[in-house]
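This report describes how selected parts of one protein chain are arranged.

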Amino acid sequence: PEGARIRVGTMDAYNGVVYDVSDKGVGSSGAFSPIRDNMSADATGSAATLDITMDEYKGVWLPDAGEVSRITFGGSDADALRRGTYYNESTGTAVATSKLRAGDTYTVDTVIPKTWTDKQLEDLGFGTVSLPKQIDGPEKLSALASDTVADAKSPIAQVRALVKKFSEEGFFSHGLEGEVLSRAGHTQERISTLISGEQMIGDDEQYAVAMTLAARSLGIPARVVMGFYPDKGHKGTFAANGDNLHAWVEVNFEKAG
């Protein structure tokens, strides 16, 4: 569906080494409940159905999209997956404790929320969501964040100022053969290196974490999400793999989510 992003994991807890899920009760990224029919009952948007088949992927995170109402499994592992799958309505993510493997299939009935324009968000404040206390990011990052949003007149303007800072001043590199050197990881030391050099160099992993930490230092409710998003206008089957895996930032706004 247009605008749908396929989530694999949603992380809101940073410990200086990795971004991870937290377990702080209702509303946290670690609060999962057994799947059932009519989940996300209050969701509004466009109804969609996704048919998903596993190939080489093996793991507990169950890819989905939107605000899921029902997950129906097929294949020989259907019963075990149904009994062992849990969903988090606050983050829109699901886990299959028995693990997914090649050949597993399932259908996701979901609602894709509307896409809000910056103009529609202009008069909205940030939302109030459950976020864990986390250690501070690099000291320079807090100063960078404050300087970056100094002239922003609204919450969405603050977010866009951070986006502009990292996307226009940063150089993108995965650090693969033939590319500019860029180390993997998102430890405090790696993020500090990202923002302290003459040129910021990194990929989705470093920039998503750096922006989220910068936002959190300003009191902005933000989290890191890992997953996939088809190119705009894509139709038909989408093959999700390591080459098109992304990390991005989600910021919560009142009324908009």
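Is Glu 189 buried, partly exposed or exposed? The model on which the answer rests is a predicted one. Glu 189 has a relative accessible area of 45%, and it is therefore partly exposed, since that class lies between the limits of 20% and 50%.

**Glu 189 and its surroundings**

Glu 189 belongs to helix H5. Its side chain makes a polar contact, at 3.0 Å, with the side chain of Arg 183.

Two packed helices are described by the angle between their axes and the distance between the axes.

| Helix pair | Angle between axes | Distance between axes |
|---|---|---|
| H3 and H5 | roughly 45° | within 9 Å |
| H5 and H6 | roughly 90° | within 10 Å |
| H3 and H6 | about 70° | 9 Å |

The pair H3 and H5 may be taken first. Helix H3 spans residues 139–148 and helix H5 spans residues 188–196; their axes cross at roughly 45°. That angle makes H3 oblique to H5. The crossing in which H3 passes H5 is left-handed. On the side of H3, the contact is formed by Lys 140, Leu 141 and Leu 144, and on the side of H5 by Ile 191, Ile 195 and Ser 196. Sorted by class, the residues of this contact are four nonpolar, one polar and one charged.

The next pair joins H5 to helix H6, which covers residues 204–217, and here the axes cross at roughly 90°. H5 and H6 are therefore roughly perpendicular to each other. H5 contributes Arg 190, Ile 191 and Leu 194 to the contact, while H6 contributes Gln 206, Tyr 207, Val 209 and Ala 210. Five of the residues in the contact of H5 with H6 are nonpolar, one is polar and one is charged.

The remaining pair in the table is H3 and H6, which pack at an angle of about 70°. H3 is thus roughly perpendicular to H6. Leu 141, Ser 142 and Ala 145 of H3 meet Ala 210, Leu 213, Ala 214 and Ser 217 of H6. The contact of H3 with H6 comprises five nonpolar residues, two polar residues and no charged residues.

Why does Gln 206 count as buried? Its relative accessible area is 1%, so Gln 206 is buried, the limit for that class being under 20%. Gln 206 lies in helix H6. Leaving aside residues up to four places away in sequence, Gln 206 touches Ser 182, Arg 183, Ala 184, Gly 185, Arg 190, Ile 191 and Leu 194.

**Asparagine residues in two loops**

Asn 244 is placed in the loop between strand S14 (222–228) and strand S15 (246–251). A polar atom of its side chain is 2.8 Å from the backbone nitrogen of Asn 241. When residues up to four places away in sequence are not counted, Asn 244 touches Gly 227, Phe 228, Phe 238 and Ala 239.

Asn 38 is situated in the loop between strand S4 (33–34) and strand S5 (46–53). With a relative accessibility of 55%, Asn 38 counts as exposed, the limit being over 50%.

Most residues other than glycine have a negative phi. Lys 99 is part of strand S10, which runs over residues 93–100.

Note on methods
Residues numbered from 1 in each chain as written. Predicted model: local features only at pLDDT ≥ 70, side-chain atom pairs only at ≥ 80, totals over all residues. Heavy atoms only, no water. Axes fitted to C-alpha atoms, helices over the stretch in contact; angles between N-to-C directions. Helix = DSSP H or I, 4+ residues; strand = E, 2+ residues; numbered from the N terminus. Parallel < 35°, antiparallel > 145°, perpendicular 65-115°, else oblique. Left-handed = near helix turned anticlockwise from the far one by under 90°. Contact = heavy atoms within 4.5 Å. Nonpolar A, V, L, I, M, F, W, Y, C, P; charged D, E, K, R; others polar. Buried < 20%, exposed > 50% of the residue type's maximum accessible area, 1.4 Å probe, protein only. Polar contact = N/O pair within 3.5 Å; in protein donor to acceptor, adjacent residues only side chain to side chain.
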